[in-house]
Amino acid sequence: MAMAAENSDATADRLASLTMPEGSGWASAARGAALERLQMMGLPRRRDEYWRFTRPDDLNATQAPSAAVLHSDEGSLFSDVDRLNIVFRDGVFDAAASDDLSGEGLEIERLETATARDIHWSKDVYGVLEARGQVPVQRPFAALNTAFATDGIVIRATARVSKPVNLTYLHEDPDSDSILHFVVRVEAGAELTVLENGPAAARFNKCMEIDVADGGTFHHVRAQGRDHERRAVTHLFARLGIGSTFKSFTLTVNGVLTRNEAVIEITGDNAVAHIAGAAVGDGNFHHDDTVFVTHDAVNCESRQVFKKVLRNGAVGVFQGKILVKNGAQKTDGYQISQALLLDEDAQFLAKPELEIYADDVACSHGSTTGAIDEEALFYLRSRGVPTDEAQDLLVLAFLAEAIDEIDSEVIADNILARLEGWLVRRRG
Amino acid sequence: MLNIKDLHVKLEEEDKVILKGVDLDVPAGAVHAIMGPNGSGKSTLSYVLSGRDGYEVTSGSATLDGADLLELDPEERASAGLFLAFQYPVEIPGVGNMTFLRTALNAQRKARGEDEISAGDFLKLIREKAKSLKIDADMLKRPVNVGFSGGEKKRNEILQMAMLEPKMCILDETDSGLDVDAMRLVSEGVNALRDAGRSFLVITHYQRLLDHIKPDVVHIMANGRMIKSGGPELALEVEKNGYADILEEMA
Ligand SMILES: Nc1ncnc2c1ncn2[C@@H]1O[C@H](COP(=O)(O)OP(=O)(O)OP(=O)(O)O)[C@@H](O)[C@H]1O
Ligand SMILES: [Mg+2]
């Protein structure tokens, strides 16, 4: 497949600005293969089927557009969670600010350490799930990430790990451009929670590959940083074994450009995959959730719950697909994407897709765009609740189905507090 | 307490006049009932008093203890002590009944310059009031009115009234959809709130409710105005003969 000339120029320029980190044989091979994939497909163009609603230009650019650092008096998220905290500063691991890379039931290492080893478990995951996720839809930024990621962590859970691993992404340099790669392997019957919090950089490219073995459980909750001008393109690639559970929730508050892709492949019977997101944007905010869930096993359940609250020119995008392969009987697939537009300037673009090749399945999807329910607003006000407070209650109610996807109460409370902060700051 | 003078109201969106000169005076401590044929404007009157959008007051006035209601936002009217038990209570998915009530109660207290109620006191209070209305803990936790039966919704309205302790309570067909036992519960709830400083305006189609909640005055509303007022016997007359006689007599 040949690239169009303009695209190949853009790709060549971008590649010329990047240096591939050193590593052992397998790691260099994985990075080299990713580079080849990227060269084959080229960086995204507006006319690509899954880039019609989101301009890739700022993500493609050789130089990251700068982003002012937000100085917030809001407390750091998840600080009341008993966690293993790992800190990145503008995309560079900060050992001094981080907890020891160790924990019961955990093997945890910096990416450069793991990829320097001749033999390492992460070899079976690094770039492997990403490569699988390139078909049938290309994800050039993920290939770029695998090839050029400069830092990251590899985490292997061998038992039920009680302390969440918290990745804290600080943004301090207004011109930082960061590429981080994470590899997670949840072994059979093990359990792990990964939290992510922060803007990370002016421009952030993050890829996380998550391999959940039979009977494993993986929970993921992230809050993308509040810095208004930040840009991010992130990918989650998950592969689920028999009877495993995967649950992911993302809160996005602010950010001029966010593209969150999730590619979930259910390969083992009786597995459960839930992916949810709540995004709230005001003004110069473009948020894109692009999700692809593949059912390739029997009796599995998947849920996609994405809610967006938009105002003042903010744009929300949802591209979500459920693919049920031939033989994936008894699939229970659910997808809902909804936007609450707080004024007439906001916009929601949705592309929900179902593709089903099995005959004994129950799949449903729905996408709605709506405004605040005036009847409900009046009812609340008639009981004495001031208009702005009543509206906030209704906004939180709208988001509730997504937030309900977070199992841990203390983590959900952190997310709620951040949302409430956003709402309160926007009161007249 | 509630004074309405020559109130004229039309729909904002269309040239349709609904209230055509309503006069009403409900003194403190009194219970007044309004009966009247479907479409006569009873609910419209209650909505206009509570400040719902979509209506335009073209003339007349409505005051609560001297304060001009029509100048106030709905939430200010509530804090001033006005309460409407809706004919059709609204379902609010995602907002828990308890959260809703605590938010409302505290908002009203704040507006009146009072302290917020503590979580413990609130819980005690709501449990006690819910119990007397046979509203179980599950209903308190569920989203406001979502999946409630018709009768449950009406009981929930009375629970809100009992918690918020308004001074002017308007009940719009609170009896419709209630079974005999629920009707008794609701009436008891209302009667327990009767007080020299609290007034009620009870809109109903059925005399039966007025057996439980004894009104001081009964008004008949037709075609956007009060056409006749009298004692409780007026309700009995309506129950027996319908509205035809009264309408004819007034024509
Ligand atoms: N928003 C509206 N749009 C159009 N017509 C309306 C609107 N609100 C009220 N009306 C009309 O105004 C009239 C009075 O309605 P209202 O609901 O006040 O009557 P009601 O006396 O409460 O009747 P019921 O006994 O059936 O509850 C009716 O003819 C109704 O159709
Ligand atoms: Mg009515």
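Colleague: Are Ser43(B) and Gln87(B) buried or exposed?
Modeller: A residue is called buried under 20% relative accessible area, exposed over 50% and partly exposed in between (1.4 Å probe, protein chains only). Both Ser43(B) and Gln87(B) are buried. The model is a predicted one, in which local features need pLDDT of at least 70 and side-chain atom pairs count only at pLDDT 80 or more, whereas totals for chains, interfaces and linings use all residues. Residues are numbered from 1 along each chain as its sequence is written, chains are lettered from A and ligands numbered from 1 in the order in which they are written, and side-chain values use heavy atoms, with hydrogens and water left out.

Colleague: In what order do the 9 strands of the open sheet in chain A lie?
Modeller: Strands of a sheet pair through backbone hydrogen bonds, either parallel or antiparallel. Two strands count as paired if DSSP finds at least two bridges between them. In chain A the order is E3-E4-E6-E8-E10-E12-E14-E16-E18, with mixed pairing. Strands E3 (106–110) and E18 (347–356) of chain A are the edges, each pairing on one side only. Neighbouring strands of this sheet are turned against each other by 5 degrees on average, direction ignored.

Colleague: Over how many bridges do E6 and E8 of chain A pair?
Modeller: Strand E6 (residues 177–186) and strand E8 (residues 203–212) of chain A pair over 10 bridges, in the parallel sense. Leu180(A) has Lys206(A) in E8(A) as its bridge partner. Helix H6 (residues 140–148) of chain A packs on the sheet, touching E6, E8 and E10 (231–240) of chain A, and its direction makes about 90 degrees with that of E6(A). For such angles, axes are lines fitted to C-alpha atoms, for helices over the stretch in contact (heavy atoms within 4.5 Å), and the values run from 0 to 180 degrees between N-to-C directions.

Colleague: How much area do chain B and chain A bury between them?
Modeller: The size of an interface is often given as the accessible area lost when the parts come together. Buried area is summed over both parts and uses a 1.4 Å probe. Chain B and chain A bury about 1900 Å² between them, 66% of it on carbon and sulfur atoms. In this interface, 29 residues of chain B are in contact with 16 residues of chain A.

Colleague: How many salt bridges are counted between chain B and chain A?
Modeller: Side chains of opposite charge can pair when their charged atoms come close. A salt bridge requires a side-chain nitrogen of Lys or Arg within 4 Å of a carboxyl oxygen of Asp or Glu. The count between the two chains is 4. Arg52(B) forms a salt bridge with Glu375(A), the closest N and O atoms being 3.3 Å apart. Over all chains, the whole structure contains 45 salt bridges.

Key:
Helices (H or I, at least four residues) and strands (E, at least two) are DSSP runs, numbered from the N terminus. Buried area is the accessible area (1.4 Å probe) that two parts lose on being put together, summed over both.
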